[in-house]
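Morning, everyone. I have one structure to walk through today, so please bring it up on your screens.

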Amino acid sequence: MRRSRRIVLAAGLLALAGGAGVLAQKQPRVIKVSARRFSFTPHEITVRKGEPVLFELTSEDIFMGMNIPDFGVRSDIVPGKTMQLALTPDKAGTFTFLCDVFCGDGHEGMSGTLVVT
Amino acid sequence: MTSAIDRRQFLQLAGLGSIGVVFGSALPGMARAAGQDDFYFVQLSDTHWGFEGAPNPDAKGTLKKAVTSVNALSEQPDFIVFTGDLTHTTDNPVERRRRMAEFKDIVGALRVKDVRFMPGEHDASLDSGKAFKEFFGSTYYTFDHKGVHFIALDKVSDPRALIGDEQLGWLAQDLAAQSKDARIVVFTHRPLFDLAPQWDWATRDGAKAVEMLMPFTNVTVFYGHIHQENHHMTGHIAHHSAKSLIFPLPAPMSQPKRDPLPWDPANPYRGLGFREVEAEDRGTRFGINEFPVKA
């Protein structure tokens, strides 16, 4: 009786540990990115290939966008809101992210670098 | 002395590839329509009036030189189109209007009075095209000229570079009235295809417009934005970008950033210019003749 209870408890713990493992795998790393005319902070971001990340995007001034063309993802960045952009990079390399919402004289230079190792 | 090249002379030379090119614009088999004539128009683009900076020490003189050159063409075009970024952007609405007024005054010296204007993002993206409309009218429109149906699209009044559902609906309605072999020319500031997305030379919904145009056999697109000549096909539709009249930009993805090419004192105005576009009566191709800006 006592033995079987121990087995049940151990199985339960294992299941919990397994579940937490799965949960940890699915939980993306949150990376905060702030945009203001005409720069991103940080302007260089390093992530690992296959690592799920969630960019939390905010604007310090006007309506902007963040676009990572090589991965086909983008998001508006609306002042007063925290926007989310999910990415799990499937290739390594150095890529550009940029503002794709015209924001004034300097917009054309508003970009950053995403390094995927 | 005029620097103009007679357009007939150009067309003769174009076949030799010496000073210009004639692009097939996927208009094969177009029957000659009664009453259609040869004509040509001039495209000027990206004048960025109000810009100041090292890439063009003669920013206040370049547009005026282009106007003088167009006026010197031995045979004047039927009309002239400016494909956007007439002015350089500013946060100040008063200054924006001042630049537009000055631009309008300068191009008012063109001998040809049929002049069509389109906005670029520098003109329209910060105020949804409000100032542009005050000075130049609607940001998108159509007109017909000697058997060719011209469509000017606005994908800049929305700062996200979207044409938008309302305008796409308007385009669909307009195209519904055209025959499938109609001769159609589209003017747009930004490309309707993804040329270099890493430089934002791309489109969010331009592909929807291209999809609508696909059933039509005779479509050619002329645009600006990228400050250089570029020729691209999406299926049977040819897309031709024009040079700028302020500073040239590098070839797509040819360098890490899309910074303007530096001014070359030994070769001033290099990479700047305007073009003639010859619509031939058979409608089988457009001749494009590029003109430089001369000191």
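Ground rules. This is a predicted model, where local features need pLDDT of at least 70, side-chain atom pairs count only at pLDDT 80 or more, and totals for chains, interfaces and linings use all residues. Residues are numbered from 1 along each chain as its sequence is written, while chains are lettered from A and ligands numbered from 1 in the order in which they are written.

Cores. By nonpolar core I mean buried Ala, Val, Leu, Ile, Met, Phe, Trp, Tyr and Cys residues joined through C-beta atoms within 7 Å. Buried means 20 or more other C-beta atoms within 10 Å of a residue's own; exposed means 12 or fewer; partly exposed is in between; and C-beta atoms are placed from the backbone. Which residues touch the most other members of the largest core? They are B:A66, B:V186 and B:L245, in a core of 60 residues. Take B:V186. Beyond its neighbours within four places in sequence, B:V186 contacts B:I151, B:L153, B:L213, B:V219 and B:V221. Contact here means C-beta atoms, placed from the backbone, within 7 Å. There is also a second, separate core of 19 residues, with A:F55, A:L98, A:L114 and A:V116 among them.

Now B:A66 in its helix. Helices are DSSP runs of H or I, at least four residues; strands are runs of E, at least two; both are numbered from the N terminus. In helix α2 of chain B, residues 62-71, the buried residues are B:T62, B:L63, B:A66, B:V67 and B:V70. They sit on the same side of α2(B), because they span an arc of only 140° around the axis. That arc is taken over the directions from the helix axis to the C-beta atoms. Their packing partners in chain B are β2 (39-44), β3 (79-83), α3 (93-107) and β11.

Between the chains, 13 residues of chain B are in contact with 11 residues of chain A. The chain B side divides into four nonpolar, four polar and five charged. Nonpolar covers Ala, Val, Leu, Ile, Met, Phe, Trp, Tyr, Cys and Pro; charged covers Asp, Glu, Lys and Arg; the others, Gly among them, are polar.

Sheets next. Strands pair if DSSP finds at least two bridges between them. Chain B has an open, mixed sheet of six strands, ordered β5-β6-β7-β8-β10-β9. One side of β5 (141-145) and one side of β9 (230-234) lack a neighbour in the sheet, because each of these edge strands has a single partner. Inside that order, β8 (218-223) and β10 (237-241) of chain B pair in the parallel sense over four bridges. B:Y223 has B:S241 as its bridge partner.

Over to chain A. Its β3 runs parallel to β9 (111-116), joined by four bridges. A:I45 stands opposite A:L114 there. β8(A), residues 93-98, pairs with β9(A) in the antiparallel sense over six bridges. A:F97 is the bridge partner of A:G112.

Most residues other than glycine have a negative phi, and most peptide bonds are trans. A:R37 and A:F38 are joined by a cis peptide bond, omega about 5°. A:T41 and A:P42 are joined by another cis bond, omega about -5°. B:K146 has a positive phi of about 45°, and lies in the loop between β5 and β6 (148-152) of chain B. B:M253 has a positive phi of about 60°, and counts as partly exposed, with 14 other C-beta atoms within 10 Å.

Definitions and conventions
Two residues are in contact if their C-beta atoms, placed from the backbone, lie within 7 Å.
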